[in-house]
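Hi there,

Here is the structure I promised to pass on. Have a look at it first, and then read on for my notes.

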Amino acid sequence: MPKVDVVSVAGKKVGTRDLAPEVFEAKVSVPLMHQVVLAGFASIRRGTHSTKTRGEVSGGGRKPWRQKGTGRARQGSNRSPQWAGGGVVHGPHPRDHEMRVNKKMKRGALRSALTDALTSGKLRVVQDLEFDAPKTKTAAEVLDTLELGGKVLLVLPLPSDSGAVEKSFRNIRGVRVAYARSLGVYEVIGADHLVITESALDVVEGSPARAQADEPAAEEPAKKKANGAEATTEPEAGGEAE
């Protein structure tokens, strides 16, 4: 089972954590990561590039000169492709560039990227970050203490209530803040250092859908109590009460 050191914002080791082998010991598939990244870039293309064919260019209805006797090549329209201002042959037209990639491929590509980050030594796990107020100077001191430079990807579990952590790091050049549930393959690959908090690591290793499903369940008892209704348990039909 892979292991990683957990450090504090002061740069001191505070423990060791076991990583999920299905996430951080996956097969590193470069073609799969390339396909998922390529599909991501294709999905953000607007596809509005357009050119006009000779039939769409205005003008050119009259023959430029007579067919014979001028010594020049015969021409039927001054909007032909060989003319300046004429139509374009096989030019681009508006279309959708989206490439279909299923969820299994996306999960596999992300696991490959995370496994590569661990084996290459660019993965750092830190304790949860908490700032009282947005302070870029404090965020810069944290990066200097951890000896992180270049392109740094900071992964948080969820957007903070005050936004102090995000606002503190987003003004630093080369630092990008991401969230565990929307972590992208290209973000992980393109970063020189991957800094992930312990809470974010729990989300990455676990199931986001299960975590979201547990949140309403935890709120139900409080709502029922507020409305004056208490849950009662009854034995099933044919069963015995404990």
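Of the 242 residues in the protein chain, 32% are buried. Here buried stands for under 20% relative accessible area, exposed for over 50%, and partly exposed for anything in between, with a 1.4 Å probe and protein chains only. The areas themselves come from the Shrake-Rupley method with a 1.4 Å probe, and for residues only the protein chains shown count as cover.

Please keep in mind that this is a predicted model, in which local features need pLDDT of at least 70 and side-chain atom pairs count only at pLDDT 80 or more, while totals for chains, interfaces and linings use all residues. Residues are numbered from 1 along each chain as its sequence is written, and side-chain values use heavy atoms, with hydrogens and water left out.

On to the fold. The protein chain has 8 helices and 6 strands, and along the sequence they come in the pattern β-β-α-α-α-β-α-β-α-β-α-β-α-α. These elements are DSSP runs numbered from the N terminus: helices are H or I with at least four residues, strands are E with at least two.

Now the charged pairs. Side chains of opposite charge can pair when their charged atoms come close. The structure holds 5 salt bridges, each defined as a side-chain nitrogen of Lys or Arg within 4 Å of a carboxyl oxygen of Asp or Glu. One of them joins Asp18 to Lys3, at 2.5 Å from N to O. Because Asp18 belongs to strand 2 (residues 13-18) and Lys3 to strand 1 (residues 3-7), this pair ties together parts 15 residues apart in sequence. Asp18 is partly exposed at 38% relative accessible area, and Lys3 is exposed at 54%.

Asp5 and Lys13 also form a salt bridge, at 3.4 Å from N to O. Asp5 is partly exposed, with a relative accessible area of 40%, whereas Lys13 is exposed at 55%.

A further salt bridge pairs Glu205 with Arg17, their closest N and O atoms being 3.3 Å apart. Glu205 sits in helix 7 (residues 198-205) and Arg17 in strand 2, so this pair links parts that are 188 residues apart in sequence. Both Glu205 and Arg17 are buried. With Asp202, these two residues make up a network of salt bridges.

The surface has two patches for you to look at. Patches are built from residues with over 30% relative accessible area and no salt bridge; like charges are joined within 9 Å, and nonpolar side chains (Val, Leu, Ile, Met, Phe, Trp, Tyr) within 5 Å. Lys103, Lys104, Lys106, Arg107 and Arg111 gather in a patch of positive charge. Lys106 belongs to helix 3 (residues 103-119) and is partly exposed, at 48%. The other patch is nonpolar, covers about 350 Å² and is made by Phe41, Ile44 and Tyr186. Tyr186 is part of helix 6 (residues 185-190) and is exposed at 51%.

His90 is exposed, with 81% relative accessible area, but His97 is buried at 9%. The side chain of His97 makes a polar contact with that of Arg95 at 3.2 Å. A polar contact is a pair of N or O atoms within 3.5 Å; within protein, one must be able to donate a hydrogen and the other to accept it, and residues adjacent in sequence count only if both atoms are side-chain atoms.

Finally, some backbone notes. Most residues other than glycine have a negative phi. In His90, phi is positive, near 55°. Glu147 also has a positive phi, near 60°; this residue is in the loop between helix 4 (136-145) and strand 4 (152-156) and is exposed at 69%.

Best wishes

Note on methods
Lys and Arg count as positive and Asp and Glu as negative; His and the chain ends are not counted. The place of a charge is taken as NZ of Lys, CZ of Arg, CG of Asp or CD of Glu.
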